[in-house]
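Colleague: Before I rely on any of the labels attached to this model, I would like to know what lies behind each one. Could you set every value against its definition as we go?

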Amino acid sequence: MASDDPEPIVEVQNVSKLFGTTQGVTDRLLGRDPTPVRAVDGVDLTINEGDIMGIAGESGCGKTTLGKLLVKLHEATHGTIEFDGKDISDLSKTERNEFRQRVQMIFQDPFESLNPRMTVFQSVMEPLKINDIGAGYQDRRDRVKQVLNDVGLAPAEAYLDEFPKELSGGERQRVAIARALIVNPDFIVCDEPVSMLDVSIRAGVLNLMKELQDEYGLTYVFISHDLSLIRYMCDRTAIMYLGNVIEQGPTSEVVMNPKHPYTEALFDAVPEIDPEAERHRANVTGEVPDPRNPPAGCRFHPRCSNIIPPEGWAGSQEAFRRVFQFKSRVLQDDLDPEEATENAASESTDAILERGLALELPEEHSLDAEASRSIDPSVLDLPADAERTLREAAERLLEGDFEAAKAEVEDEFESICERENPAVREAGTQVTACHLYEEEAGEPVAPGVSD
Ligand code: SF4
């Protein structure tokens with residue numbers, strides 16, 4: 001339960017985690033530098049005592065890596081993480097032992113996190129032994145029984161001698177929760193804690209976790225791609241995209257009044273429970289880019305529906321978004337004239353324009369498959385000079401001169417979004433990294449400030 005006077009328990013400042021920083025065999029043979037994956041990149045986050053903090057985003061966005069950094073299963077490549085005011089990369093042996101007791105993690109797959117050869121009693125008691133807690137066997141056995149009852153495995157005696165394979169998925173996850181709780185922690189990171197469970201028992205486990213939060217005085221981080229879970233459980237939420245936290249704030253505001261275009265798209269994509277309700281469309285194009293080679297500027301710009309036109313652009317923002325996408329596809333050799341014209345009566349610049357200006361929405365987000373394959377340029381308010389440039393590029397493509405086509409567009413249609421990485425700024429109750437908020441927000445927010 002969030003307190004009225006919150007004290008930070010975890011402070012993350014400008015933290016990055018890079019994987020693949022050393023040269024592999026192929027790199028050595030080819031004499032090239034390694035290309036690391038920036039799984040987490042420059043993240044600032046404050047988690048207050050007693051909060052449930054959600055970390056959400058598509059798979060591969062870096063949320064699990066961030067969770068493992070918080071519990072010291074990974075070491076940060078750059079930046080600092082403080083737990084209760086102490087830098088966790090600089091702990092003495094005693095402090096490290098204390099940290100291992102106060103900070104726990106619950107994983108997605110309870111079957112993998114439990115040793116199949118240990119009984120429930122052995123599994124739950126093991127952390128007591130490791131942390132040297134309890135006055136002998138009987139005291140430890142009593143503590144195990146107490147915590148099993150607390151997680152709803154009652155009567156505890158019925159479970160003590162069971163092996164994981166004899167339990168249901170829900171019971172196994174309750175054992176994993178008991179293992180985390182037995183050492184009386186203060187902070188638990190839960191990584192997709194119910195995603196492997198049957199839908200019918202998820203709510204029961206989540207409600208139990210809420211009750212345990214009060215009983216044990218816990219602070220949680222919930223990592224999930226499931227936005228309904230985030231909405232249900234979390235006081236505050238951080239949204240991640242390609243290793244960056246692009247928005248964070250009170251969950252109700254992040255859900256109901258998202259500031260960042262990616263957050264908006266993410267929540268628009270959540271299916272409505274009511275089949276009669278009007279379905280929203282996640283208005284993002286393309287797929288998540290390769291984290292080894294993220295886009296320059298704002299990492300979301302190749303997919304963003306709000307990409308900002310340059311000063312002096314005379315058409316609509318929608319027209320600019322399509323023109324920008326046309327340009328990107330030409331530069332990436334992604335606009336094949338044969339494919340563009342295969343359904344047309346003859347090859348023509350019109351056919352290339354129709355194809356190149358259509359928004360490439362992922363199939364599951366597109367309500368009209370035909371509209372995402374082609375669009376009549378005359379329905380867009382394209383400025384005449386922009387249309388001329390696009391036609392020149394299309395003609396070069398038809399001639400098979402791809403380099404000349406690139407030369408036509410590469411210095412045109414520039415957006416601040418592709419040039420400059422937006423700083424994190426305040427926007428209402430949230431903080432967000434988007435150029436749309438720069439003018440009204442003023443100075444960037446200092447690292448770690450989230451309230
Ligand atoms: S900075 Fe530009 S591209 Fe990035 S989210 Fe904001 S409007 Fe979209």
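**Labels and their grounds**

Colleague: Why is Gly249 called buried?

Modeller: Because 25 other C-beta atoms lie within 10 Å of Gly249, and a residue counts as buried with 20 or more such atoms around its own C-beta, as exposed with 12 or fewer, and as partly exposed in between, the C-beta atoms being placed from the backbone. Keep in mind that this is a predicted model, in which local features need pLDDT of at least 70 and side-chain atom pairs count only at pLDDT 80 or more, while totals for chains, interfaces and linings use all residues. Residues are numbered from 1 along each chain as its sequence is written.

Colleague: Where does Gly249 sit, and what is it in contact with?

Modeller: Gly249 belongs to strand β10, residues 244–250, where strands (E, at least two residues) and helices (H or I, at least four) are DSSP runs numbered from the N terminus. Apart from neighbours within four places in sequence, Gly249 is in contact with Arg236, Val254, Thr429, Gln430 and Val431, contact meaning that the C-beta atoms of two residues, placed from the backbone, lie within 7 Å. The C-alpha atoms of Gly249 and Gly428 are 9.2 Å apart, although 179 residues separate the two along the chain.

Colleague: What share of the contacts in the whole chain comes from residues 24 or more positions apart?

Modeller: Among contacts with a separation of 6 or more, such pairs account for 66%. The chain has 451 residues, 40% of them buried, and its elements are 18 helices and twelve strands.

Colleague: How do you know that the length of α15 agrees with what a helix should span?

Modeller: The expected span is 1.5 Å times one less than the number of residues, and for the 15 residues of α15 (384–398) this gives 21 Å, which agrees with the 21 Å between its end C-alpha atoms.

Colleague: What makes the buried residues of α15 line one face?

Modeller: The buried residues are Ala386, Leu390, Ala393, Ala394, Arg396 and Leu397. Seen down the axis, they fall within an arc of 160°, so they line one face of α15; the arc is that of the directions from the helix axis to the C-beta atoms. The face turned away from them carries the exposed residues Ala384, Asp385 and Arg388.

Colleague: How do you know that the buried residues of α8 share a side?

Modeller: Those residues are Arg202, Met209 and Leu212. They cover an arc of only 90° around the axis, which puts them on the same side of α8, and they pack against α6 (136–150) and α7 (169–181). Ser200, Ala203, Asp214 and Glu215 are the exposed residues on the face turned away from that side.

Colleague: Why is α7 called roughly parallel to α8?

Modeller: The two helices pack at about 15° with their axes 11 Å apart. That makes α7 roughly parallel to α8, because angles under 35 degrees count as roughly parallel, over 145 as roughly antiparallel, 65 to 115 as roughly perpendicular and the rest as oblique. The axes are lines fitted to C-alpha atoms over the stretch in contact, with angles running from 0 to 180 degrees between N-to-C directions. Gly170, Gln173 and Leu181 in α7 meet Ile201, Val205, Leu212 and Tyr216 in α8.

Colleague: What makes α5 and α6 roughly perpendicular?

Modeller: The axes of α5 (residues 120–130) and α6 cross at roughly 115° and come within 10 Å, and the two helices are therefore roughly perpendicular to each other. In this pair, Phe121, Val124, Met125 and Leu128 of α5 meet Arg140, Arg143, Val144, Val147 and Leu148 of α6.

Colleague: Why is Lys72 called partly exposed, and what sets its phi apart?

Modeller: Lys72 has 18 C-beta neighbours inside 10 Å, so it counts as partly exposed. Its phi is near 70°, a positive value in a residue other than glycine, whereas most residues other than glycine have a negative phi. Lys72 lies in the loop between α2 (63–70) and β4 (78–83). Asn184, in the loop between α7 and β7 (187–191), also has a positive phi, about 55°, and with 15 other C-beta atoms within 10 Å Asn184 is partly exposed.
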